[in-house]
Amino acid sequence: MEVFAGGPSGGGGTRIATATANQSSGSAVATACGTTGTHYRFAIAMTASMRSSHGGQKLYVYGDSPVGNANNALSGSGSFTLPPLPNTPPTLSAPSSSTSGSYTVSWTAVPEATSYVVQQQLNGGSWSQIYDGGGTSVARSGLGNGTYGYRAQSCTSGVCTGWSATVTVSVLHVPPEPASISLPATSSGTVAVSWAASSTATSYILQHAESGVSGWVTIYNGSGTSYSAHETSTGTWTYQVKACNASGCSAFRAGSSGVAVTLPPGSSPSLNVPATNTTGSYTVSWNSVGGATSYTLQEQVNGGSWSTVYSGGATSKAVSGKTNATYGYRVRACNVGGCSGWSASQSVAVTVPPQTPTTVTAVVEHRSYIDLRPPERTYLNVNWPSVA
């Protein structure tokens, strides 16, 4: 028996199969055929290759004469169509994104498909096969950052459809925490904080806390890797930073130790000086200021330049030996963090009275005249040295 597709034998058809009887038949067939054989029925498999090449074409079946007679077409030839193979690839599904690099790619089952082939590409590169089997899903794991494309085809007995539409998965892991954070040991209020860049990070969150006083507070959220924190109180400040991207944020990286912040005194002392003085000796004093460990006192004479006359922890300065002049004073409070501004200046006008002459001398002088002036007279001459 011969099978032709697409037309009759000699009429444009293509012979796609030749077979001998392979199925047992009943006694009626043997009697009709005048034979004692046992197989007079046929079962001819239409393979996937046949269906792929001639699917949709009419089938024509001919019985071959064993004695050289005409090969006649069987009744019904040209009435049946060879079923084509399903040419619909599976429909893929996968998550659009992943933060772990582990996910499952799945696809729909296709009727008559006996297996599926799935391929993967990275960032638009070349395709590589990741699955060939009868299942409808494949698990992916351990994938790094990137955009992964997937496509699949269904196969029947080794004959496969075209490729499905591509689906993509964007893998972006949460960035690792910054490797380090740099801090000064001490500060007068402005703390320069910097940290190592983290791969795939698009922003960083920096927090600070004053030890024993407050909890963590965010002071920076941006793409940089450094920030100047301006602290408002004296104490020990600690810092931590984490790296972030669209997938989330890393754990915090904390500084190994706190920063000892000492703010300069927040106000200037108030001066107290006498308005006038007649001895050249007097005391300049000022009030204490919170947080100050020392004070600097400056003096000017008659509006001239300022010069430092005291630097120490006391709140007064004894002044002596001043001569006549106007003396101005100003003071500021200091600690390891710096100094306050200068106080308002105050002045004292020194006017020292002149000293008492140390000696006085008197000389008696007698004078007589021979002319007509009055008789002898007595004079007393008194003298003393000049004083400053």
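Modeller: Let us begin with cysteine 339, which is partly exposed at a relative accessible area of 33%. Here buried means under 20% relative accessible area, exposed means over 50%, and partly exposed lies in between, with a 1.4 Å probe and protein chains only. The model is a predicted one: local features need pLDDT of at least 70, side-chain atom pairs count only at pLDDT 80 or more, and totals for chains, interfaces and linings use all residues. Residues are numbered from 1 along each chain as its sequence is written, and side-chain values use heavy atoms, with hydrogens and water left out.

Biologist: Which residue is joined to cysteine 339 by a disulfide?

Modeller: Cysteine 334 is, with an S to S distance of 2.0 Å; a disulfide is a pair of cysteine sulfur atoms within 2.5 Å. The link of cysteine 334 and cysteine 339 is right-handed, with 110° about the S-S bond.

Biologist: And cysteine 334, buried or exposed?

Modeller: Cysteine 334 is buried, its relative accessible area being 5%.

Biologist: How many disulfides does a search of the whole structure find?

Modeller: It finds three. Cysteine 155 is joined to cysteine 160, S to S 1.8 Å, and this link is right-handed, with 100° about the S-S bond. Cysteine 155 is buried at 2%, whereas cysteine 160 counts as partly exposed at 34%. Cysteine 244 and cysteine 249 form another, with their sulfur atoms 1.9 Å apart. The torsion about the S-S bond of cysteine 244 and cysteine 249 is about 105°, so this disulfide is right-handed as well. Cysteine 244 is buried, with 5% relative accessible area, and cysteine 249 is partly exposed, with 34%.

Biologist: What is the pairing when the bonded cysteines are numbered in sequence order?

Modeller: The pairing is 1-2, 3-4, 5-6.

Biologist: Changing topic to charges: how many salt bridges are found in the whole structure?

Modeller: The search finds four salt bridges, a salt bridge being a side-chain nitrogen of Lys or Arg within 4 Å of a carboxyl oxygen of Asp or Glu. One of them joins arginine 15 and glutamate 2, whose closest N and O atoms are 2.3 Å apart. Arginine 15 lies in strand S2 (residues 14-18) and glutamate 2 in strand S1 (residues 2-5), so this pair ties together parts 13 residues apart in sequence. Helices (H or I, at least four residues) and strands (E, at least two) are DSSP runs, numbered from the N terminus.

Biologist: Which residue forms a salt bridge with arginine 51?

Modeller: Glutamate 112 does, the closest N and O atoms being 2.7 Å apart. Arginine 51 lies in helix H2 (residues 48-54) and glutamate 112 in the loop between S10 and S11, so the two tie together parts that are 61 residues apart in sequence. Arginine 51 counts as buried at 13%, while glutamate 112 is partly exposed at 45%.

Biologist: What is phi of glutamate 112 near?

Modeller: Phi of glutamate 112 is near 70°, a positive value in a residue other than glycine. Most residues other than glycine have a negative phi. Asparagine 302 also has a positive phi, near 50°, and lies in the loop between strand S30 (294-301) and strand S31 (307-312). Asparagine 302 counts as exposed, at 54%.

Biologist: Which residues form the nonpolar patch on the surface?

Modeller: Val360, Val364, Leu380, Val382 and Trp384 form that patch, with about 530 Å² of accessible area together. Patches are made of residues with over 30% relative accessible area and no salt bridge, like charges being joined within 9 Å and nonpolar side chains (Val, Leu, Ile, Met, Phe, Trp, Tyr) within 5 Å. Accessible areas come from the Shrake-Rupley method with a 1.4 Å probe; for residues, only the protein chains shown count as cover. Leucine 380 belongs to strand S37 (residues 377-383) and is exposed, at 55%.
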